[in-house]
Structure formats: structure tokens, C-alpha cells
Amino acid sequence: MIETYFARTSTIDRLRSGPLGPDLDALASALRRQGYARDSIRRYLRGCDQFARWLYQHGHTVTEVTPTLVQRYVSGLTRSPAGTLPPAAEGLSHLLTLWQQQHRLPDRRDAVPQTEADQWLLRYAQYLEQVCGTAASTRQHYVRMARRFLAACFGTSRVDWHALQAHHVADFVRHEAAPKHGGGRKLPSTTVRSVLRFLVFSGDLAPGLEAAALTPRQWTHDTLPPRLTGEDVERVLALYADETPVALRNRAILMMLARLGIRAHEVAALCLEDINWHEAHVVIRARKSRHERVLPLSHDVGTTVAAYLCRGRATTTSRVVFLHCRAPFRPFADPAAISRIAARALGRAGVTGYARLGAHVFRHTAASTMINQGASFKEVADVLGHQSLQTTGIYAKLDLPALAAVALPWIGAAQ
């Protein structure tokens, strides 16, 4: 297999005679299946061979390879002035994955909590998962905030929940909520109440203290939801008019955000089987609202997505629609990647004047457009996946012509 990538017999003989020799063909095949270019495969094979020789020279075997050992090897390599990973270490993750699949690496045990706080946080995370059924992403947010709560209450001292007072809870919630905005202001109080409920559940605390974690006052209708003009949207879409894979993918993503008003995580999770081309609709699978919904696939959205699938998407076994455009052509690891694509596009198009620019501004724009074109709140709620019409009600104030028709004269004019 490696003869495909190296022309010189001396190079092939040197690689095959090295400690990595038996694994070279399997590694090259794995890299090829993932879509890596020929030059990348050559570079990765050389780098992995260098690592295997380092192991041999230092008296290590594959069964002794641990993250600590790999870090020791990488730290001894010369980095570029830019600080990027040395070329000799670029392909190591693929070699380690191969050895892991072959069950040749030592079992990686979960790290044992070192401190009392770590032990407590582990139990709290297990409670969130096994008792509350909390989603993984929510658990991460809660555990991160719970760690900050512990540090604020006890610092480096031992964890003593019986010493916890109501003013400790209130002060922490107030301090954490102050710099946040929007829905993020609720996270500290929600997390602290969850922590205190867990303490009651586990018998470490008497009930009642959770009342001190007051939710900060938040005016739902104090400002207008950010929205783009039609010209802004078209200017953003025009950025990706060429036929490169990145342009085809980003245009399809932005088109779905702007026309369908779906969330960033719904775009990232969209699969090929969710699009029904014959009946012209797309199924948005249950996640946040826990209810699936079916949205019409308009001609412009369908055409743009089809162009990406036919001419921009790499050939892969993944069923997720939107993938990275560079090998190994994986789905996005985090929905935040969709928001970053949207934010970069808005910045390039010169759209400014908004406190937060990302995927959600397209959702607000789609909702506002529907309201201004005469759609009912129930219709808009069904499209957006809102379970309560109160949530959709924030868009009522964007129907400016209708509001102007019912506005009363300003009382100051009569004086």
C-alpha cells in the first residue's frame, strides 16, 4: 500500500524495516479512506515512523503508550515560530486511533478525582445524568458553574455544606449574573438551585436554602429582537456565489438559517434522511423542544442544498449533511461552528450595529419576516418550534405598521 505514496525503493525499505513497518499499510489505508491528500498521507507516515523509532530508542513498546508519553515526545520536537504542531506530530492521532482499534494501547481509566471538590463534582455530574436525565451539553454548563460556586464558597478549604449561608448563595448568583445578558443571566441561579437540590437529595443539606438563589429580573420585551434587512441577507448570501466546496456548503447553511429560521444545532444535526426531496419538506428532529417538526423545503433552499450535496460535499459514509471541507470530512463537533460561519459571513458583508452576531439573528429575521407578511403567531410558533405562544410574542412589536395603526396619540401634544 505504501508503494502508492513513495517512489524511492530506499525510502520504502527504510519505512518497512522500522518498528512501524507492520502497521504502515493499515495506517495508509485508514488515511486514504478518510480522504486525506497524497502529500498529507506521505507526511503523516513519515511522522508516525519517527515516533515509533523514538519509542524503540527509549525502550518503550506500544502497550506502554500513554497520553503522558506522547506529550513527552511532542514537547521534545521543535515547533514553528507560529507555535503550530510540529510536522513530525501531525499524524500521531491517527496512529493512536489505529492502535486503539487494535486493542494494543493500555486501558485508559477515568481520572480519579484528586480533591474533595473533584469527588463532589463527579457525584453531582452522575446525579444530573442518571437521576435528572440532563443532556450532555447542559451537564457541562452546570458542572462548570458548580465548580465556580464551590470555589466562591470554600476556596481551597474543605467542602463544608453545613457552613453554607443564604447570603453566600445570593452573593454568588448576583456576581455571576451581572456581566451576562439575555437568557444567560438565568444560568447561575438555575445551576445553584440544581446544586442545592442535589445536596438535599443526598442528605447533605436541609431543604429551603434554594430559595436564596433568586432569578435575576429580566425584561423580556424591553428591546427589539435583532433582525436583518432583506438587503443584508442577500448581501451575505452573495458572498458564497462561487463553486468551491466551502462556498457551496456555507451558502446552503446560511440559506437554511435565513429561510427556515432553524437553530444552529438543528443545522449541525441535519441528516440526509431528514430531507424528503419527493415531498419537498425537511424534518427537524426533536432535541430542545422534544418535538419533531416538518418544514417546507422551498425551491431556493432545496436548489442550494442539492448543489452542495452534488458538487461540494465529500464522498463519505457519514449521514450528516454538513461536514468539514477538509479531510477527514467529519461532522461539526459543536453547533457553535455554525454560528461562527454565520458571524464571519455577517462581518465580511459589513453587517454591524448588533451586540451579538451569529446564527440566531437569521432566526429572528425569518420570524420577523413571517409576522410582517401576515402569518399568525401560531403559524410562526409551529415553524420555529416554540411550545409557548408567549415565546413567539416577542416578535409582535416588529410588526410596526400594525402597531402604528393602534398607537394612541402622545399625551404631551395636548399640553
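Where does A152 lie? A152 lies in helix 7. This is a predicted model, so local features need pLDDT of at least 70, side-chain atom pairs count only at pLDDT 80 or more, and totals for chains, interfaces and linings use all residues. Residues are numbered from 1 along each chain as its sequence is written, and side-chain values use heavy atoms, with hydrogens and water left out. Helices (H or I, at least four residues) are DSSP runs, numbered from the N terminus.

**Helix 6 with helix 7**

- Helix 6 (residues 116-130) packs with helix 7 (residues 136-154) at about 150 degrees, and their axes are 10 Å apart. Axes are lines fitted to C-alpha atoms, for helices over the stretch in contact; angles run from 0 to 180 degrees between N-to-C directions.
- Angles under 35 degrees count as roughly parallel, over 145 as roughly antiparallel, 65 to 115 as roughly perpendicular and the rest as oblique.
- The crossing of helix 6 past helix 7 is right-handed. A crossing is right-handed if the near helix is turned clockwise from the far one by less than a right angle, and left-handed if anticlockwise.
- On the helix 6 side, the contact (heavy atoms within 4.5 Å) uses A117, D118, W120, L121, Y124, A125, L128 and E129. Helix 7 brings R139, Y142, V143, A146, R147 and L150.
- By class, the residues of the helix 6 and helix 7 contact are 10 nonpolar, no polar and 4 charged. Ala, Val, Leu, Ile, Met, Phe, Trp, Tyr, Cys and Pro count as nonpolar, Asp, Glu, Lys and Arg as charged, and the others, Gly among them, as polar.

**Helix 6 with helix 9**

- Helix 6 also packs with helix 9 (residues 187-202), at an angle of about 95 degrees with axes 11 Å apart. That makes helix 6 roughly perpendicular to helix 9.
- W120, R123, Y124, Y127 and L128 of helix 6 meet T191, S194, V195, R197, F198, L199 and F201 of helix 9. This contact of helix 6 with helix 9 has 8 nonpolar, 2 polar and 2 charged residues.

**Helix 1 with helix 3**

- The axes of helix 1 (residues 9-17) and helix 3 (residues 38-57) come within 10 Å and cross at roughly 40 degrees. Helix 1 and helix 3 are therefore oblique.
- Helix 1 passes helix 3 in a left-handed crossing. T11, R14 and L15 of helix 1 make the contact with R46, D49 and R53 of helix 3.
- The class count for helix 1 with helix 3 is 1 nonpolar, 1 polar and 4 charged residues.

**Single residues**

- A152 is exposed, at 54% relative accessibility. Buried means under 20% relative accessible area, exposed over 50%, partly exposed in between (1.4 Å probe, protein chains only).
- A152 and D171 are 19 residues apart in sequence and 9.5 Å apart in space, C-alpha to C-alpha.
- S189 sits in helix 9 and is buried, with a relative accessible area of 0%. Leaving out residues up to four places away in sequence, S189 touches V173, A213, L214, T215 and P216.

**Cysteines**

- The whole structure has 0 disulfides, a disulfide being a pair of cysteine sulfur atoms within 2.5 Å.
- C48 is buried at 1% relative accessible area. C132 is partly exposed at 40%.

**Backbone exceptions**

- Most residues other than glycine have a negative phi, and most peptide bonds are trans.
- A cis peptide bond joins A327 and P328, with omega about 10 degrees.
- F329 has a positive phi of about 55 degrees and is buried at 16% relative accessibility.
- H103 has a positive phi of about 60 degrees and is exposed, at 71% relative accessible area.

Note on methods
Helices (H or I, at least four residues) and strands (E, at least two) are DSSP runs, numbered from the N terminus.
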